[in-house]
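Please find below a short note on the structure under review. The points are grouped by site.

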Amino acid sequence: MTGHTHELKADGQIFTDAELLAALTLLREDFAVHELDLAENGLITDKSVVPLLEKLSHESICAKLRRLSLDGCRQVGRDGSWASIKLVTSAPTLRVLNLSHIQFNSQSLVPLCKAIGEHKNIRDVSLCGTGLGKNGLSGLCLSNLFLNVRLQKLDLSWNRFNHEQFTQMGVLIEATEIEELGVDYCAAYVIGRDSPVAELLEGLARDKSLKKLSLVANRVDFRAALVIEDALDMHPTLKDLNMTDNPLGALGMRSLLRLLSRQQNALKHFQSDGCYQGISGMADEDAEGCSVYSFTNPGSKYVLDLSRPYHRSLLRILYKTAERCKMPLDKAFEILEATPPFQHASKANGLWQVPISGRLVCNFSVEAQIQASLSGIEDDDFLGFLDTHFELTRFKADRKKIPALFAKWLELDG
């Protein structure tokens, strides 16, 4: 601001309004600012922030602004939020924007998301704890935000999203190039329903660009973990998954370890601190039949509510199991009851297109195929019998993924 640097970095300096206003007097209108970082200055208010942002919005000052951070400036109010929107609109070269933990109201959230969605250069956006998801305009906010197909990093943590909003995210992300997505502490609690983040996870099966996903503390249990296993089974780019503080339990951990071990995806590591407790699948009282998937013994009666992502993923995994065992669907499935009448799903772009509503009761079994594979083995060839049986029923980690699996196993003190 004195001409010695184009970067105003004051993160964590605990500025007061008086100090910031004093610094503002040094800012000349012919001086281009490249970076403004006021993160974690919790004492400053609209009294100083508004004049600063309004001055920065001057064409000559913000012409080369690349980074703007007001993260943690919790005393910034309505006028400050509108001033930040004006600056985003005025700064054509802005690439990094962090407005986390500033409370935007319903009237300002839509213009903010629209400004981000229409910006030509923004690549990295953090809107943690800004109030997204709290009002009826959240759908419009998300639609505007995801219009920016150039976004590479998006952090929406500490906002509350329901099933419909997570479903919308899962659809919208397909058309973007987002490489890093954070939705920590975002899953709203709805009595009697699974964690809503499962809706987003199911949609990620169609994504082709994501490299890092953070799902900290979103009530991801064994059901949502099965959705992850199904949706990310063939994801070409996702390498890092943060599952910290989710109730995965043993069943959920198995799903993620199987996912980590498969050749078809790019996953290299997942964080699982605080994920060692979770409910047993046998406690799922919502289902009249089998409620969990067993890789070694998938045969059972299944009662599926296809409006639930968990049950849709369970059905897709049963299809994959029949496909792996080279068994026709009409032989593997016995339809006992279906509302509406059920026809087996078809594959499109490598994904099973299962219905998103309805009720299905069926028996599933691949025993006939296993028996057929064992029929040519001599009665006294015990080793041959075991090798063939295990080849069909045991999970086998891909050779290239074994180092990642062993590294995770060591991390788990297994």
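Contact here means heavy atoms within 4.5 Å. This is a predicted model, in which local features need pLDDT of at least 70 and side-chain atom pairs count only at pLDDT 80 or more, whereas totals for chains, interfaces and linings use all residues. Residues are numbered from 1 along each chain as its sequence is written, and side-chain values use heavy atoms, with hydrogens and water left out.

1. Ser 261 sits in the loop between helix H10 (249–260) and strand E10 (269–271); helices (H or I, at least four residues) and strands (E, at least two) are DSSP runs numbered from the N terminus. Leaving aside residues up to four places away in sequence, Ser 261 touches Phe 395, Ala 397, Asp 398, Lys 401 and Leu 405.

2. Ser 261 counts as buried because its relative accessibility is 2% (buried is under 20% relative accessible area, exposed over 50%, partly exposed in between; 1.4 Å probe, protein chains only). A polar atom of the Ser 261 side chain lies 2.7 Å from the backbone oxygen of Leu 257.

3. Pro 341 belongs to the loop between strand E12 (333–339) and strand E13 (347–348). With 77% relative accessibility, Pro 341 counts as exposed. Its C-alpha atom is separated by 8.9 Å from that of Gly 358, 17 residues apart along the chain.

4. Leu 386 is part of helix H14 (residues 382–393). Its relative accessible area is 39%, so Leu 386 is partly exposed.

Terms used:
Polar contact = N/O pair within 3.5 Å; in protein donor to acceptor, adjacent residues only side chain to side chain.
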